Amino acid sequence: MPPKLTCLYILFELKSKYNSGMKKFFYRVQEGDSLNLIAQKFNAPIGRLIFNNNLTKEVSAGDIILIEQAENVYLVKPLDTIEGLAKKFKLSPQQILEKNHLEYIFFGLLIEI
């Protein structure tokens, strides 16, 4: 990792320890990575990846993105619905969607609860 990125990584590490309890760091996208794979690899909700990095398209190899890991995540399973998850976690469907900066959910998506 280039020295500048290492320095930024340390700053985000320190900031996250005192602010939100979430680990934050930069990641260079590798060949074959997708947002969903990165989300699962780092336990980082995909909505947060999209929102924090102002993404409008899929990431490409070499892109540098901010990763913000979360503790309370759920991997959407086949046949899950937003209504079913809301009931399961005692939240409203809108709360789940807003927290994850999403309009809908789908199988394989890692979301924050």
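Trainee: Which residue in β2 is the bridge partner of Phe25?
Mentor: Ile67 is the bridge partner of Phe25 in β2. Strands here are DSSP E runs of at least two residues, and helices are H or I runs of at least four, numbered from the N terminus. This is a predicted model, where local features need pLDDT of at least 70, side-chain atom pairs count only at pLDDT 80 or more, and totals for chains, interfaces and linings use all residues. Residues are numbered from 1 along each chain as its sequence is written, and side-chain values use heavy atoms, leaving out hydrogens and water.

Trainee: In what sense do β1 and β2 pair?
Mentor: Antiparallel, over five bridges; two strands pair if DSSP finds at least two bridges between them.

Trainee: And what is Ile67 in contact with, beyond its neighbours within four places in sequence?
Mentor: Its partners include Tyr27, Ile38, Phe42 and Leu49, with contact meaning heavy atoms within 4.5 Å.

Trainee: How many residues of β2 are buried?
Mentor: Four of its five. Buried means under 20% relative accessible area, exposed over 50%, and partly exposed in between, with a 1.4 Å probe and protein chains only.

Trainee: Switching topic, how many residues has the largest nonpolar core?
Mentor: That core has 26 residues, and Ile67 is among those with the most contacts inside it. A nonpolar core is a set of buried Ala, Val, Leu, Ile, Met, Phe, Trp, Tyr and Cys residues joined through side-chain atoms within 4.5 Å.

Trainee: Which element gives the largest share of this core?
Mentor: α2, with four residues.
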